[in-house]
Amino acid sequence: MRGRSDSRQSKPPAKLFARLNPNVTLERAADESISALLSGDTVALGKFSTTTAKRSADLKTGLLLDASASSSADSETEIHELVRRLSRCGLLEYRLARARGGRDLAVIEPQVRDFTPRIPEIGGNNTLVLSRFALMRRRGSDLVLESPRSGALFRLCDTDIAATIAGLSKPQTLRQLRRKRGFPGTELLAILVDCQILFVLEANRDKGLRSSEGDGSLVLWDFHDLLFHARSTIGRHANPSGGVFAYAHVVDPLPAVRPCWPGETIDLPKLALSPSGIGSSVASLLRRRHSTRSFDEQRPITLEELSRFLDGTARIHSRDLVKFDSDDGPAIETAARPYPSGGASYELELYLAVDRCTGLPRGFYHYDAARHALVPIEFGAPQLEAMLADAQFSMAASAVPQVLITITARFGRVSWKYSAIAYALILKHVGVLMQTFYLMATDMELGACAIGTTDVDLFAKMTGVAFHVEGPVGQLAIGRGLDSESIPVAG
Ligand SMILES: Cc1cc2nc3c(=O)[nH]c(=O)nc-3n(C[C@H](O)[C@H](O)[C@H](O)COP(=O)(O)O)c2cc1C
C-alpha cells in the first residue's frame with residue numbers, strides 16, 4: 001500500500017530505491033544469467049530477460065522500486081524477483097530519497113532474510129509513538145535507529161529527521177508531525193510503523209506505555225533483555241556473529257591461565273586415583289566428559305537410548321503449587337526436573353531435530369516433559385536440513401548430527417517474576433542443563449557437543465511461535481560418537 005498523498009506536503013513524496021551493498025557487484029553472463037560477487041565469493045541469482053539484466057545496472061546507485069515505473073508489468077515482476085533474491089542473500093539495502101539523484105533521507109538495512117520494506121497507509125489523525133524497544137546510537141560515523149522487533153535497521157542521514165523521531169517518545173498525530181522542520185515524509189514514518197519501531201495508538205488518551213505495546217508476552221520483556229536475545233542469537237540481525245576474530249589484529253588474546261596473585265600460595269592435595277579412575281564416580285564422570293563432533297553413521301543412537309537420556313535429564317518428576325512472599329501472595333505452579341532452576345521456573349523446553357535414530361523417523365519433535373513423550377511438529381523439509389546443516393557448520397563437522405536438541409525458553413515463566421535479571425537467569429539455566437546433558441551422555445557412552453549459535457528466526461518459522469514468546473537459547477548435538485565402545489540399544 002502507498003502512503004496517502006497530501007496537498008499540504010510541499011515536498012515530493014519519498015521513494016524507495018534498492019541498492020547493492022557497497023562491497024557487492026553484479027556480473028552478467030552472455031546468456032543473461034546474473035551473479036553477485038563479493039569478497040571472492042560468487043552467488044548465482046538465475047537467468048533473467050535482457051530488459052531486466054540491463055535494468056539491474058541501476059542497482060549500483062539505486063533502482064526505483066515503483067510499479068508505476070516506465071516498464072512492462074512482466075519486467076517489473078522480474079526485477080522485483082531479482083531484488084528479492086539479492087535481499088535473501090543479504091546483498092541489498094534500500095535508500096529512501098525524494099529523487100533518484102537526491103540525497104538519502106534514510107537507508108534501510110535488512111536484518112532478517114526475507115525483509116521487504118512496506119509502506120502501510122497512515123492518516124493525519126493517527127497518533128504515532130516510539131516503541132520502548134527502539135534505540136538510536138552511533139555506529140562508526142552513522143546514526144542508526146534499530147529495534148530487536150524490527151526486520152531492518154535505519155541509517156538516519158539527516159539530524160532534523162533524527163530529532164523529529166526522538167520527539168516521538170511522546171505521542172503525536174501525523175498532522176502535528178507535518179508541521180515540524182524535520183518532518184521526514186509520511187513514507188519513512190509508515191515504514192517505521194511496519195517495522196514496529198513506531199506504533200499507532202488505538203485510543204486517544206493512551207500514552208503508548210508498556211502495557212499498550214504488543215501482546216501480554218511482550219509486556220513481560222525488559223528492554224535490555226529483548227535486545228540481548230535478538231542480538232546474541234542469529235536470524236534477527238546482520239552483524240558478524242560467532243568466531244570471526246574481529247579484533248585479533250588489535251588486541252592480543254588473554255592468557256589461558258590467570259596470572260597468579262602476588263604473595264603466598266597454599267598448595268592443595270590432588271584427587272586420589274581409584275580403580276574406576278579419579279576420585280568418586282562423579283569426579284571420574286567429569287574427567288571423562290568431552291565434546292564429540294563426529295558420529296557413527298553405521299550405528300546411530302536408538303530411540304530407547306534417547307528415551308533414557310531425556311528421562312534422566314529433563315523429565316518432570318513432580319509438580320507443586322508454590323505461594324510467593326505471603327499466604328495471600330500469587331501462587332505459581334512448578335514442575336520439577338532433574339536440574340536446578342532459579343525460582344523453580346523450569347522455563348526450558350526441548351525440541352529434537354532427528355536425522356538418524358533407530359526406531360524414530362527423521363523429523364522435528366517437541367519433548368513433552370510431563371508425559372515423557374515426543375510430539376512430531378509438521379513443517380517443510382528444507383528447514384530441517386537448514387537447522388541440521390547450521391549445527392554441522394558450527395561444529396566444523398563432516399556430517400550433520402544424528403540428533404540436534406534445541407533448548408528453547410518460554411521467557412515469560414521467568415520475567416513474570418524477575419525484573420532486570422530474567423534473560424541472564426535463563427542463560428544460566430541453559431548452562432546448567434548443558435552440563436547435565438554432557439554428564440548423562442558420558443555416563444551412557446553417547447557423544448555430545450554444545451553449540452553456541454542458534455537461529456531464532458528459523459525456529460519461529462518452523463513452529464509459528466513469535467520469537468519473543470518462546471525461542472532457542474541453546475543447542476546440543478547428540479549421537480553415538482565415532483570413538484564410542486557402547487553397543488546400540490534396540491529401539
Ligand atoms: C556454551 C557452549 C557452546 C559451545 N559451542 C560450540 C560450538 O558452537 N561448536 C563447537 O564445535 N563446540 C562448541 N562447544 C564445545 C567447546 O568447544 C568445548 O567444550 C571445549 O573446546 C572444551 O572441550 P571438551 O568439551 O571436549 O572438554 C561449546 C561449549 C559450550 C559449553
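Two strands count as paired here if DSSP finds at least two bridges between them, and the views below start from that idea in a predicted model.

**View 1. Strands β2, β3 and β4 make an open sheet.** Welcome to the sheet: its three strands follow the order β2-β3-β4, with antiparallel pairing. Residues 25–28 form β2 and residues 41–47 form β4, and these two strands stand at the edges. Each has a single partner strand, so one side of β2 and one side of β4 are left without a neighbour in the sheet. From one strand to the next, the twist averages 25°.

**View 2. A closer look at β3 and β4, an antiparallel pair.** Strand β3 covers residues 33–38, and six bridges link β3 with β4.

**View 3. Helices α10 and α13 cross at roughly 150°.** Here we move to helix α10, residues 381–394, and helix α13, residues 456–463. Their axes come within 11 Å. Angles over 145 degrees count as roughly antiparallel, and α10 and α13 are therefore roughly antiparallel to each other. The crossing of α10 past α13 is left-handed.

**View 4. The residues where α10 meets α13.** On the α10 side, the contact is made by Q383, A386 and M387. Helix α13 contributes L458, K461 and M462.

Note on methods
Residues are numbered from 1 along each chain as its sequence is written. This is a predicted model: local features need pLDDT of at least 70, side-chain atom pairs count only at pLDDT 80 or more; totals for chains, interfaces and linings use all residues. Helices (H or I, at least four residues) and strands (E, at least two) are DSSP runs, numbered from the N terminus. Axes are lines fitted to C-alpha atoms, for helices over the stretch in contact, and angles run from 0 to 180 degrees between N-to-C directions. Angles under 35 degrees count as roughly parallel, over 145 as roughly antiparallel, 65 to 115 as roughly perpendicular and the rest as oblique. A crossing is left-handed if the near helix is turned anticlockwise from the far one by less than a right angle, and right-handed if clockwise. Two residues are in contact if their C-beta atoms, placed from the backbone, lie within 7 Å.
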